[in-house]
Amino acid sequence: MLNSIVRGLLTGTLLLGGLAIASPADAAPKTFKNCTALNKTYKHGVAKKGAKDKVRGSTKPVTTFKVSTALYNANKKMDRDKDGVACEKR
C-alpha cells in the first residue's frame, strides 16, 4: 500500500516537473512613487535585513519598520540617510 502511494507521488511529480508555480513571495516587490505612498502601506517604513535606524541626540530609533531586503532594494532611492531603512517614520 505504501509503495503504491509513493509510486503515485513520484509519477505525479515527474508529470508536473516542468510546471513552476509562483507564490506571492516570488512576485516582484512594489516600487512606490514617494515616502507618502510607501507609508500608507508600511506605516513605519521598510528596511533591509540587519538595518538599524540612524538617529541624532536623544531621539529613539524606529524599530517597527517592515523588514524586507527585496522591498527595500526596490525603494532604496528613498533612504535619504543611507542607514538601510527607507521612509522611517514614528
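In what order do the elements of the protein run from the N terminus on? The order is α-α-β-β-α-β, which gives 3 helices and 3 strands. The model is a predicted one.

**Overall figures**

Of the contacts in the protein with a separation of 6 or more, 61% join residues 24 or more positions apart. The table lists further values for the protein.

| Property | Value |
|---|---|
| Buried residues | 24% of the 90 residues |
| Accessible surface | about 7000 Å² |
| Part of the accessible surface belonging to carbon and sulfur atoms | 59% |

In soluble globular proteins, nonpolar side chains tend to be buried together. Here the largest nonpolar core has 8 residues: F32, L38, V46, L71, Y72, M78, A86 and C87. Apart from this core lies another of 5 residues, including A47, A51, F65 and V85.

A86 belongs to the largest nonpolar core. Leaving aside residues up to four places away in sequence, A86 is in contact with L38, G45, V46, Y72, N75, M78 and D79.

**The largest pocket**

The largest pocket has a volume of about 160 Å³. Its lining consists of C35, N39, M78, D79, R80, D81, V85, C87, E88 and K89. By residue class, the lining divides into 5 charged, 4 nonpolar and 1 polar.

Terms used
Residues are numbered from 1 along each chain as its sequence is written. This is a predicted model: local features need pLDDT of at least 70, side-chain atom pairs count only at pLDDT 80 or more; totals for chains, interfaces and linings use all residues. Side-chain values use heavy atoms; hydrogens and water are left out. On a 1 Å grid over the protein atoms alone, a cavity is a set of points where a 1.4 Å probe fits but cannot get out, and a pocket is an open set with protein on both sides within 12 Å along at least five of seven lines; lining residues have an atom within 4 Å of a point. Grid points are joined across faces, edges and corners, and a volume is the space filled by probe spheres set on the points. Ala, Val, Leu, Ile, Met, Phe, Trp, Tyr, Cys and Pro count as nonpolar, Asp, Glu, Lys and Arg as charged, and the others, Gly among them, as polar. A nonpolar core is a set of buried Ala, Val, Leu, Ile, Met, Phe, Trp, Tyr and Cys residues joined through side-chain atoms within 4.5 Å. Buried means under 20% relative accessible area, exposed over 50%, partly exposed in between (1.4 Å probe, protein chains only). Contact means heavy atoms within 4.5 Å. Helices (H or I, at least four residues) and strands (E, at least two) are DSSP runs, numbered from the N terminus. Accessible areas come from the Shrake-Rupley method with a 1.4 Å probe; for residues, only the protein chains shown count as cover.
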